[in-house]
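Subject: Structure for you to look at

Dear colleague,

I am passing on the structure below, together with some notes on what was found in it. Please read the notes with the structure open beside them.

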Amino acid sequence: MGPKKRWTLVIRLMTFVAALLLFVDHQVLPAMPEVDRIVLPNQLVVLVSEDHSLPLVTMRLLVDAGSRRDPRGKEGLAHIAAEGLLLGTSTRSVTVFDETLDFMGASLHASAGRDTAALELRTLEKDLRKGFDLFLEVLTQPVFPEKEIRRQVEKSLAAIQSQEERPGKIASKAFTKVLFLGNPYGHPVEGTRESLPHITRDMVVRFHQNFYHPNNAILAIVGDVTVERVKTDLVPRLSQWSPDQIPEQEFIPRFTQWPMTVTIDRNVSQANIILGHMGIDRANPDYYPLTVMNHIFGGGGFGSRLMEKIRVKRGLAYSVVSFFDPGKYPGAFQVILQTKNSSAQEAISILRAELRTIQKDPVSPKELERAKKYLIGSFPFRLDTQSKLAQFLTQVEYHGLGLDYPEKYASTLNAVTRKDVLRVAQTYLHPKDAILVVVADLKEAGLDESAQVLHFNRPTM
Amino acid sequence: MTPKKNLTPFIGRMVSLALLATLVFVPRAETALIDRVSEKVLPNGLKVLLLENHRAPVVTFQVWYRVGSRNEDHDKTGLSHVLEHMMFKGTETIGPEELSQKIQENGGNYNAFTSYDFTGYFETMSADRIQVALDLEADRMKNLMLREQDFETEIKVVMEERRLRTEDDPKAFTMEQLAATAFQLQPYRWPIIGWMEDLTRLTVQDLKFYYWTYYTPSNAFLVVAGDFETEDMLPRIETAFGSIPKKAAPDQERTIDPPQIGERRIIVKRQAQLPFLAMAFRVPNIRDPDSYTLEVIAGLLSGGKSSRLYHRLVREKQLALHVEADHSLLSRDPGLFFVAAEVLPGGDSTDIEKVVDEELERLRRDPVEPRELQKVKNQLEAAFISHQDSLFFQAMVLARHEIVTGWRTVDDYIPSIRKVTAEDIQRVANRYLIQDNRTVATLVPLPYTEGQPVSEPFSIRSDTVR
């Protein structure tokens, strides 16, 4: 059933989460569930949070082994290495492994992102011991069978081809490629058609040997398990995982910092538009005022300026959203929307005008107040399921935010002023140097008369 | 700050939906759920279901209307969903989009959804703020303002939504065509979002009549779950909703298609990267015990990487990128059992179809081995527990059952799954998963007009700075 059948319903906002606490203005103590932080002799950081309301346990391991570690020309290696964990171990073939996991009704997923790879287990409490065995086994004894790795590469290539019928995906890939100018964030996590055929089993094995070590990892354990049991049953086995030196490469954050337009002609009914530029890293102290600014500008769903001007007032789009995606290194700022081809230019003009406005005039006291109330009040949304909490805990640790982060978050946000918002809008928004990507029926969109056409493969700038 | 990006491929989305359908709240103790829900019907006909859960100081408040695309007429498709959008356009006392602002100012989340059988609205907020949701929902149940100017803008938004979800998505477009062929009479044949042609024809008058007919207390019910005391919440609900006048419940009878008597096939030709194959078998819903057997069959076919279709099509033969089987257990009228697969590059959908046929034949012919049957039951039960992790879905699953068979049947799910035997599976496969009872849709990709895939150099120009 397609996206329409069942209750895929047509959901009004793109995101929905579950719930929240509202805290009156300056008091605010978003409830962080109790967390125990244990550092093992091999430097693995283990975060444990008990929740006995369901007979269920979630374990999430974060390894600093994301796609930014991909060697040049071997883009997609980190992704194959993560997925390869589940393709067989020294004691179990992939088929036996899958059947064992399925028989428990458990799930085990491996994936890679830009910065990190993640391995997540979800199991009934009664199967925790078996589940943990499987978890450790894939982590420390994967064999990456040649045949399975080749298949995984084939699948990735097919998935890449499949994505090419999705105009939104085409636009975002083009944006990333143009913006990051070949820096380690500049390629898709899953690699490219050009790079994937060069990936071999040996490279995967080496990548795993290089980066999958406890001193390069964080483990969150959430759910129906006691800290005591973690200490007596799990920690001794985790402690046997041996640490090693992690090879570090230099990350040079290069960006395209001048205006550029990329147009891609497709036979589609909507123009898929991305306007954006360089963003910030997660450690940037202006992260908090920027969060507020972005919420007001285009991050806050209904009530954001972009939503109001583009959707509510003019009916030009179903969805329009802006965001920063800070990583360990600077990410991007993007505004994304889709509108019928013939409205593309109108929508783009509005985006540009709104960028100028938020850089020129302070936001209203009411906008500021509303943004703070929502951001602080809805904070616990991020912690209200086991999986979300596990993800949150590993991120807090990865970015060194501290386990008192929820409290700090509230007080830091509350301190943000209209002046701060104006300052960060002026500092971090660059409408004059933005990259514009449009995937559309260019003729219908009136964008087909592009003057100078450069080929992107060899950017001359 | 980063929006959640949906990178899940089409079939992947089907998986998560299938899992959601099995969600039911099981309390930690072995108490039956029905013992923990309080039901009260107000004098105006509004049914209220209250489920206390004190795990976190949060409440989810949901209003469900028994109206969805099944209630529409064939030339007014999409009306239910457009009305859902218009429900955010204000009442006599609050302005357009003001409801959204009020919820956000109270640190809450909210949303709405429309399906074949229902339209739902919810707010999730801290327990001490939830009164805001009660007041706003009661207000728009009776006082919605349907203004021409708001409608004219919002209908454009819905058209953009349709372009985004369907027009520019070859697989979604194919699924829409499949449903339109598998059914000839019953309203499940048209898409929830409506045909574009119908959207251009809808009027505010249509909406007013629809709202007047279906948005009444006797055609709605509330589900409230979370951190509250029933004896405190119920009087508050009575105060907020009790004064809405009683009206007769609308007629909910709809035509059901007669049995299918032969295979139907369609081909969709349009620009796409990979071929796509989807089959739909006409099946009963949860009112028929065979439906639970179909749940188990869906699990045998595609639940996890050890499932039959995944193993054969993805792992062994490498014919498919994804494969998924999905059963519509909780549809109000009899629905469809789907099998769908995206073909790997260079592959052919007929090869996939052959393997699917072999696997369906195997289901009809050979009894399932006990361990494999147990495996699927374990998966369904674990998923059932796992999904309780979300308060929102605890409420939602009660509502989904309420719409079809009454919320009390929620507790039948696990026992009914446990009861399914190898013989049931053979019998049910022989009855429903047969050629004469199916519709097959094939997406045949046409080459892109420009003749170049996207990974080719695209055009870039230096900007004139604005």
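In chain B, the centres of domain 1 and domain 2, taken over C-alpha atoms, are separated by 28 Å. Please keep in mind throughout that this is a predicted model. The division of chain B places residues 44-241 in domain 1 and residues 264-446 in domain 2, and the contact draws on 29 residues from domain 1 of chain B and 26 residues from domain 2 of chain B. On the side of domain 1 of chain B that touches domain 2 of chain B, at least two residues each are supplied by strand E2 (47-52), strand E3 (58-65), strand E5 (119-126), helix H6 (170-182) and strand E6 (220-226) of chain B. The largest share of that side, 9 residues, comes from H6(B), and by class the side of domain 1 of chain B that touches domain 2 of chain B consists of 15 nonpolar, 10 polar and 4 charged residues.

As for chain B as a whole, it has 16 helices and 12 strands, and 55% of its 466 residues count as buried. Among the contacts in chain B with a separation of 6 or more, 82% are between residues 24 or more positions apart.

Turning to chain A, you will find an open sheet of 6 strands with mixed pairing, in the order E1-E2-E6-E3-E5-E4. Its edge strands, each of which pairs on one side only, are strand E1 (36-39) and strand E4 (107-112) of chain A, and from one strand to the next the twist averages 15°. Within this sheet, strand E3 (residues 56-63) and strand E5 (residues 117-124) of chain A run antiparallel and are joined by 8 bridges; A:Val63, for instance, has A:Ala117 in E5(A) as its bridge partner. Helix H7 (residues 227-238) of chain A lies across E1, strand E2 (45-50) and strand E6 (217-223) of chain A, and runs at about 155° to E2(A).

One helix pair in chain A also deserves a mention. The axes of helix H8 (residues 287-299) and helix H11 (residues 365-377) of chain A come within 9 Å and cross at roughly 110°, and H8(A) and H11(A) are therefore roughly perpendicular to each other. The contact is made by A:Thr291, A:Val292, A:His295 and A:Ile296 of H8(A), together with A:Glu367, A:Leu368, A:Ala371, A:Lys372 and A:Leu375 of H11(A), and the residues of this contact divide into 5 nonpolar, 2 polar and 2 charged.

With best wishes

Terms used
Residues are numbered from 1 along each chain as its sequence is written. Chains are lettered from A and ligands numbered from 1 in the order in which they are written. This is a predicted model: local features need pLDDT of at least 70, side-chain atom pairs count only at pLDDT 80 or more; totals for chains, interfaces and linings use all residues. Helices (H or I, at least four residues) and strands (E, at least two) are DSSP runs, numbered from the N terminus. A residue is buried if 20 or more other C-beta atoms lie within 10 Å of its own, exposed if 12 or fewer, and partly exposed in between; C-beta atoms are placed from the backbone. Two residues are in contact if their C-beta atoms, placed from the backbone, lie within 7 Å. Axes are lines fitted to C-alpha atoms, for helices over the stretch in contact, and angles run from 0 to 180 degrees between N-to-C directions. Angles under 35 degrees count as roughly parallel, over 145 as roughly antiparallel, 65 to 115 as roughly perpendicular and the rest as oblique. Ala, Val, Leu, Ile, Met, Phe, Trp, Tyr, Cys and Pro count as nonpolar, Asp, Glu, Lys and Arg as charged, and the others, Gly among them, as polar. Domain bounds come from an automatic or database domain assignment. Two strands pair if DSSP finds at least two bridges between them.
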